[in-house]
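Let's take a walk through a protein model together. Please keep the sequence and the picture open side by side as you read.

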Amino acid sequence: MYTPEEYEKFIKSAYAGAGKPAADYAKKRDEQKYHKGDDGLWWQVQFRDDTYTEACPVTTENWEIWVPPADPQPDPNKVTPEILSELAFNSIKLPTPPVELQPRADRLLVNLGTRVAFKGDLDRVWTTASLDYKGVQLAATTVATPVALKVDAGTADADPQSCTYDLVKGKGGYTADSEGAGCNVTYLRASGDGTYPFKASITWKVTWTDSADPDGPPQEPGLPDGLSTFEQDVTVKEAQAVNRSTGGGHL
């Protein structure tokens, strides 16, 4: 965060007129002369939000630390590409599964096959987190690739209740051939006055590279799979049969 001169200016402005223990902290740094004349930089803990108290407890001893160049001792606060990959992982946005029921969700019938149509192709999604500050340049890119679509009928009275389609790479992205997969849902009982909670979810395989290039070589350790979901209440009715009789008569 700071050169020795910048750190001195920061301390004297941020802690001017402060009471204890902040005043003692500023006095301690003043007695250290802010490492003026030494090679290195002052590092400072930074947080994305207010959840840091449990995730990363800090004290005046580790809130800001002096780090010499090429310090052979591992620094627990030092930013690495792996840390940046986790930051990118937490920031990545996965699209909702582009599925559509045929027939429509309000026109499903008992014992009538319901096709889960995959509308549109999905492509990879990636997010890059980078650091470029005072000569420190690091980057990591998290890449999510869609690999499978799972559908759940929302009731045990369906055949099958759930099934999975593999996503394959096509011309426009990753897609699923749900029409010829033999894995569509058939509801066996009407939903009555209520509905069934139909759900479709896509599993994303997540990898990361140690650069801003999403096509760079994947790094270890890997990252957990991602999941995006689509939910819809469906109404299933009994098919109504109509019998028409023809009678004879005389004029």
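Predicted model: local features only at pLDDT ≥ 70, side-chain atom pairs only at ≥ 80, totals over all residues.

Residues are numbered from 1 along each chain as its sequence is written, and side-chain values use heavy atoms, with hydrogens and water left out.

Let's begin with confidence. The score called pLDDT is the predictor's confidence in each residue, from 0 to 100. The chain has a mean pLDDT of 84, and 84% of its residues reach 70 or more. Confidence is lowest in helix H3 (residues 52-55), with a mean of 53, and highest in S13, at 95. Names such as these come from DSSP runs, numbered from the N terminus: helices are H or I runs of at least four residues, and strands are E runs of at least two.

Now find helix H4, residues 81-91. Which residues of H4 are buried? They are Leu84, Ser85 and Ala88. Here buried means under 20% relative accessible area, exposed means over 50%, and partly exposed is in between (1.4 Å probe, protein chains only). Looking down the axis of H4, you would see its buried residues within an arc of 105°, so they line one face of the helix. That arc is taken from the directions from the helix axis to the C-beta atoms. The buried residues of H4 pack against strand S6 (125-133), strand S7 (136-152) and strand S13 (196-209).

Zoom in on Ser85 in helix H4. Ser85 counts as buried, at 1% relative accessibility. A polar atom of its side chain lies 2.6 Å from the backbone oxygen of Glu82. Such a polar contact is a pair of N or O atoms within 3.5 Å; within protein, one must be able to donate a hydrogen and the other to accept it, and residues adjacent in sequence count only if both atoms are side-chain atoms. Ser85 meets Thr142, a residue of strand S7, whose side chain reaches the backbone oxygen of Ser85 at 2.9 Å. Thr142 is buried too, with a relative accessible area of 0%. Apart from residues up to four places away in sequence, Thr142 touches several others, including Ala88, Val125, Trp208 and Leu223; contact means heavy atoms within 4.5 Å.

Ala200 and Pro98 are 102 residues apart in sequence, yet 9.1 Å apart in space, C-alpha to C-alpha.

Next comes a sheet. What is the order of strands in the open sheet of four? The order is S3-S5-S12-S8, with antiparallel pairing. Strand S3 (99-102) and strand S8 (158-159) are the edge strands, each pairing on one side only. Two strands pair if DSSP finds at least two bridges between them. S3 and strand S5 (residues 113-118) have four bridges; Val99 is partnered with Phe118 in S5, and Gln102 stands opposite Arg115. S5 is joined to strand S12 (residues 185-187) by two bridges, and Gly113 faces Thr186 there.

Rings of Phe, Tyr and Trp (its six-membered ring) pair if their centres lie within 6.5 Å; planes under 30 degrees apart count as stacked, over 60 as edge-to-face and the rest as tilted. The structure holds seven aromatic pairs. In one of them, Tyr7 and Tyr34 sit edge-to-face, 6.1 Å centre to centre with 75° between the planes. This pair links distant parts of the chain, with Tyr7 in helix H1 (residues 4-14) and Tyr34 in the loop between helix H2 (22-31) and strand S1 (41-44).

Finally, some backbone details. Most residues other than glycine have a negative phi, and most peptide bonds are trans. The peptide bond from Gln102 to Pro103 is cis, with omega near 5°, and a cis bond also joins Glu220 and Pro221, with omega about 0°. Lys33 has a positive phi of about 60° and counts as exposed, at 57% relative accessibility.
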